[in-house]
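The tour below moves from one pair to the next.

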Amino acid sequence: MSKPLGITFAMLTRQYISVLSKRLSHIPLERYYYPFWLISQENGKIGQQQLVDQLQTDKVAVVRIIDYLEKEGFVKRKTNPDDRRCHLLEITPKGKSLAPEISKAIDETNKLFLSIVDADFADKFASQIEQLGDRLKEIPGERIALYYDKIATKND
């Protein structure tokens, strides 16, 4: 009997986050590196709902993330001039200094993890994992189905 693939993914995820966190232990941001990175990539042009969609999580979790980032002075909410009900997320000057370091740490961690496997496999692996993520909508599951149904409804 094979070990469930999800267990391997979970172990890899914990190890990846551990390595990334260690690389970033010297910066004042203690967690939420990826959400912060996403906000920095779309600085001032991403709203909370877009962050929910990109993180594939619920609104409550994203509000907690943004509350933390805002409380620590890395992100600020600003009213969307096109829709006053929506807030856009903007990196503060304090946060701007961290964005390049976080990008670099993500790249280095990716390279470290891929360096462990055969080079030919590593080239294909990253794209195959992306493809797997894109095709998750074909696999039945409540959270996945709800997320992809919501995206499909928006695009119709």
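Predicted model: local features only at pLDDT ≥ 70, side-chain atom pairs only at ≥ 80, totals over all residues.

Residues are numbered from 1 along each chain as its sequence is written, and side-chain values use heavy atoms, with hydrogens and water left out.

With a salt bridge defined as a side-chain nitrogen of Lys or Arg within 4 Å of a carboxyl oxygen of Asp or Glu, the count is seven.

Select aspartate 67 and arginine 77 first, whose side chains form a salt bridge with an N to O distance of 2.8 Å. Because aspartate 67 belongs to helix H4 (residues 59-71) and arginine 77 to strand S2 (residues 75-80), the pair ties together parts ten residues apart in sequence; helices (H or I, at least four residues) and strands (E, at least two) are DSSP runs, numbered from the N terminus.

Next select lysine 78 and glutamate 90, a salt bridge whose closest N and O atoms are 3.1 Å apart. Here strand S2, holding lysine 78, is linked to strand S3 (residues 83-91), holding glutamate 90, and the two residues are twelve apart. Colouring by relative accessible area (buried under 20%, exposed over 50%, partly exposed in between, with a 1.4 Å probe and protein chains only) shows lysine 78 as partly exposed at 31% and glutamate 90 as buried at 18%.

Finally, select arginine 85 and aspartate 83, where the closest N and O atoms of the salt bridge lie 3.0 Å apart; arginine 85 is exposed at 75%.
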